[in-house]
Amino acid sequence: MITGTRYRLTLEINRQAQLANDIERSMTEISTGKRIQAPSDDPVASARVSDIARAQLDMLTWKRNLEAAASLSVRADDAIGATVSAVTRAKELMLSAANGTMSAQNRNTIAIELRALAEEIAAIELTRDQRGELLFPTTAALEIPAADGINITAVGTRASVFEADTAGGPKDIAAIIADAADAILEPDATRAASTNLALAEIEAAVAGITRAQGEQGTRGNRIDNLLERLAEYNLQAEEERTSLESADVMEVVARLQARQLTLQAAQAAFARINSGTLFDILR
């Protein structure tokens, strides 16, 4: 009799302890908003959440890389745009200088401006990025990891941007404009031929820098597209992660209230049933 009573007491105590644990867990779910508190709660979902978390860390790294690439691309686009303006202005000046009736003084004024444009472009070629490195590298273009198996080039090399294909071979745009300034100051006997040659090279410079501007725009668009895709992937991953680990707060609250009522009733019944004395039990 005593043994049976003790057994029933133990069972009831254990049941109430489990109810208390369930209530505590429900309160934790409400406070954290997560139903998975340990891998054992849902091994399959927990494993998937871990996979998503690792993928999101990778995506965060790729996002930072892409943002750095975007910054480089914008800076390069600005630099190339300034070069386009300078080369366009140089072409306008050379067309004016090609006029055989222009005075020597006017040619000298144009030559001064052409040399200033050449110096401006030469300075642009040496632009440095936020790391202190050359924005337009002289060797291979910098490749930046943007996703698994995907590397992007944010900026072209100096040669690919600032060299034009002339009749005499590849030539730096700044040198083309500097040579043009010299050409219009040559003696009358050679000036016309030298000016025409310089004008042809400036035409090549216009074509080359315009092409480079288009290529840089393509790079920038690709970076923007990758950033958008990455944001979409991250949003999808976050939605899946939330669906796997988040708790339905309304459901948890209802379950909590039900268990609290059950525990209170059990405790009241337990106290009432076991309010007797040891003599009552022995009897």
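1. Thr 157 sits in the loop that joins strand β2 (150-153) to helix α4 (158-162). Is Thr 157 buried or exposed? Its relative accessible area is 17%, and the cut-off for buried is under 20%, so Thr 157 counts as buried. Leaving aside residues up to four places away in sequence, Thr 157 touches Phe 136, Pro 137, Thr 139, Ala 140 and Ala 141. Note that this is a predicted model.

2. The whole chain comes next. It contains 8 helices and 4 strands. Their order along the sequence is α-α-α-β-β-α-β-β-α-α-α-α. Of the 283 residues in the chain, 34% are buried. Among contacts with a separation of 6 or more, 74% are between residues 24 or more positions apart.

3. Two packed helices are described by the angle between their axes and the distance between the axes. For helix α2 (residues 43-97) and helix α3 (residues 104-125), the axes come within 10 Å and cross at roughly 160°. The two helices are therefore roughly antiparallel, because angles over 145 degrees count that way. The crossing of α2 and α3 is left-handed.

4. Which residues of α2 and α3 make this contact? On the α2 side they are Ala 79, Ala 82, Thr 83, Ala 86, Val 87, Arg 89, Ala 90, Leu 93, Met 94, Ser 96 and Ala 97. On the α3 side they are Ile 110, Glu 113, Leu 114, Leu 117, Glu 120, Ile 121 and Ile 124. By type, the residues of this contact comprise 13 nonpolar, 2 polar and 3 charged. When reading the list, recall that an α-helix has 3.6 residues a turn, so residues three or four places apart point the same way.

5. Helix α2 also holds Glu 67. The relative accessibility of Glu 67 is 38%, so this residue counts as partly exposed. How many residues separate Glu 67 from Ile 223 in sequence? The answer is 156, yet the C-alpha atoms of Glu 67 and Ile 223 are 8.4 Å apart in space.

6. Helix α5 covers residues 173-183. What caps its N-terminal end? Asp 172 does, with a side-chain oxygen 3.0 Å from the backbone nitrogen of Ala 174. Ala 174 is itself one of the buried residues of α5.

Terms used: Residues are numbered from 1 along each chain as its sequence is written. This is a predicted model: local features need pLDDT of at least 70, side-chain atom pairs count only at pLDDT 80 or more; totals for chains, interfaces and linings use all residues. Side-chain values use heavy atoms; hydrogens and water are left out. Buried means under 20% relative accessible area, exposed over 50%, partly exposed in between (1.4 Å probe, protein chains only). A polar contact is a pair of N or O atoms within 3.5 Å; within protein, one must be able to donate a hydrogen and the other to accept it, and residues adjacent in sequence count only if both atoms are side-chain atoms. Axes are lines fitted to C-alpha atoms, for helices over the stretch in contact, and angles run from 0 to 180 degrees between N-to-C directions. Angles under 35 degrees count as roughly parallel, over 145 as roughly antiparallel, 65 to 115 as roughly perpendicular and the rest as oblique. A crossing is left-handed if the near helix is turned anticlockwise from the far one by less than a right angle, and right-handed if clockwise. Contact means heavy atoms within 4.5 Å. Ala, Val, Leu, Ile, Met, Phe, Trp, Tyr, Cys and Pro count as nonpolar, Asp, Glu, Lys and Arg as charged, and the others, Gly among them, as polar.
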